[in-house]
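Subject: Structure handover

Hi,

Here is the structure I promised to pass on.

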Amino acid sequence: MKRSPLVIDKEKISKYLQIIREIGRYYKPIDVHVHPTDIIFDSYVYVQDDFNEDVLSLSGSRYSEPQVYPIYLNNREDTSIKNNSSNMFNMQLSSFKIRNAYKSIGAKVLSDQMSLSGIGQSLLLPVAPRTGGLEHQFDHLLRYYNNCAQYLLSYSFPNEIEDTQISDTLKTVTKRVVLHAVKIHPNITGIDLNSSLGVDRVEAILNAASAEQLPVIVHGGRSPILKGHPSCCYSEIKKLAKIDWKISMKSIVIAHAGGYGYTVAEFKSEVLPVLKKLLSKHSNLSVDISALHYDVLETVLANINHDRILFGSDFFYVPQWQCIALLAHALTHLIPDIEVPLVKIMSLNARRCILNEP
Ligand SMILES: [Zn+2]
């Protein structure tokens with residue numbers, strides 16, 4: 001493997017995005033991991049943006065169209081839960097960054113990002129909070145993104161819905177709204193996969209999703225922002241391995257390739273071996289590459305069959321164009337011809353797994 005240069009400059013990023021636009025003339029690029037509202041604090045108060053319809057901004061913020069900027073590969077923070085920085089420092093840094101990422105929301109913010117990045121469709125993932133319902137996030141999806149072909153909607157079950165009600169709830173939602181997936185986030189929603197109750201709940205969700213012919217996207221890895229709380233690690237790959245994923249005939253996507261919040265050394269020793277076993281055991285499993293550290297991304301691309309990898313960004317937390325640039329850059333350092341894997345990862349795999357195309 002060639003060593004990667006430490007910066008991806010604007011010129012190179014534009015070149016990568018141009019390749020995606022070329023591919024997009026024949027194969028529509030799909031991002032399977034987009035959060036239109038913040039799922040961590042879920043508490044910002046927005047006002048209508050004075051200058052843009054379809055944009056809501058935090059008071060004092062003004063929306064500006066997205067632009068690319070250089071990516072420094074050696075300048076990435078260590079988000080592993082084993083690093084030494086204090087919880088308070090991590091929390092403050094994260095909450096500042098999240099507030100900045102979500103200072104403007106709404107359909108124009110996402111569609112501008114998609115245009116810049118050459119993305120044709122985005123799968124929108126709400127995440128039920130630990131307590132309370134999903135209305136706040138789901139109403140936003142319905143208001144700004146419903147009935148528009150470039151946005152694919154999904155659903156997440158709040159804990160206030162009993163396991164026995166999950167199936168009926170999903171039937172009711174699908175009568176009202178066209179859904180394309182169900183999202184499960186054990187860390188944020190607080191589904192403890194160490195307990196049989198937690199495993200039962202995920203399996204109840206899988207049954208319901210399968211009956212409605214819906215794929216499932218499940219968070220894979222830790223949530224460093226919850227460091228110190230046990231739910232920080234509910235989605236570790238070894239816990240996901242306890243679920244009988246064959247319950248569903250439909251696709252299951254392990255987000256972040258199971259590697260969210262891991263350094264590359266931790267990923268190689270703690271995640272990759274289990275992930276590989278799971279992928280060989282369950283043919284309906286695949287991974288997305290959203291919000292991965294560059295070196296973890298390279299490891300995923302070098303070790304996992306490209307037919308099992310879907311493009312995801314984690315926008316609005318991470319810009320779509322940035323994840324595309326990292327993907328193209330990493331592929332360039334692994335293989336001479338990046339177009340074939342890019343077509344699969346950016347488009348064909350998502351069309352097969354999420355849109356049921358052959
Ligand atoms: Zn996410």
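**Around valine 55**

Apart from neighbours within four places in sequence, valine 55 is in contact with Asp49, Tyr63, Ser104, Gly106, Lys108 and Val109; a contact here has the two C-beta atoms, placed from the backbone, within 7 Å. Before going further, please note that this is a predicted model: local features need pLDDT of at least 70, side-chain atom pairs count only at pLDDT 80 or more, and totals for chains, interfaces and linings use all residues. Residues are numbered from 1 along each chain as its sequence is written.

Valine 55 lies in the loop between β3 (46-48) and β4 (56-58). Helices (H or I, at least four residues) and strands (E, at least two) are DSSP runs, numbered from the N terminus. Is valine 55 buried or exposed? Valine 55 is buried, as 20 other C-beta atoms lie within 10 Å. The cut-offs are 20 or more such atoms within 10 Å of a residue's own C-beta for buried, 12 or fewer for exposed, and partly exposed in between, with C-beta atoms placed from the backbone. Histidine 136 is 81 residues from valine 55 in sequence, and their C-alpha atoms are 17 Å apart in space.

**The two sheets**

Two strands count as paired if DSSP finds at least two bridges between them. Between β4 and β6 there are two bridges, in the antiparallel sense, and leucine 56 has isoleucine 105 in β6 as its bridge partner.

Another open sheet has eight strands, with parallel pairing and the order β2-β7-β8-β9-β10-β11-β12-β13. At its edges are β2 (30-34) and β13 (309-310); each has a single partner strand, so one side of each is left without a neighbour in the sheet. Inside this sheet, three bridges join β7 (residues 121-124) to β8 (residues 151-155) in the parallel sense, and serine 122 stands opposite tyrosine 151 in β8.

**Helices**

Helix α7 (residues 196-211) lies across β9 (179-184) and β10 (216-218), and runs at about 175° to β9. Axes are lines fitted to C-alpha atoms, for helices over the stretch in contact, and angles run from 0 to 180 degrees between N-to-C directions.

Helices α1 (residues 10-24) and α12 (residues 339-353) have axes that come within 11 Å and cross at roughly 70°. That makes α1 roughly perpendicular to α12 (65 to 115 degrees). Where they meet, Ile19, Ile20 and Ile23 in α1 face Glu339, Leu342, Val343 and Met346 in α12.

In helix α10 (residues 294-303), the buried residues are Val296, Leu297, Glu298, Thr299, Val300 and Leu301. They pack against α9 (264-281), β12 (285-288), β13 and α11 (320-334).

**Overall picture**

In total, the protein has twelve helices and 13 strands. Buried residues make up 45% of its 358 residues. Of the contacts with a separation of 6 or more, 81% join residues 24 or more positions apart. The C-alpha trace spans about 55 × 50 × 50 Å along its principal axes.

Best wishes

Conventions
Angles under 35 degrees count as roughly parallel, over 145 as roughly antiparallel, 65 to 115 as roughly perpendicular and the rest as oblique.
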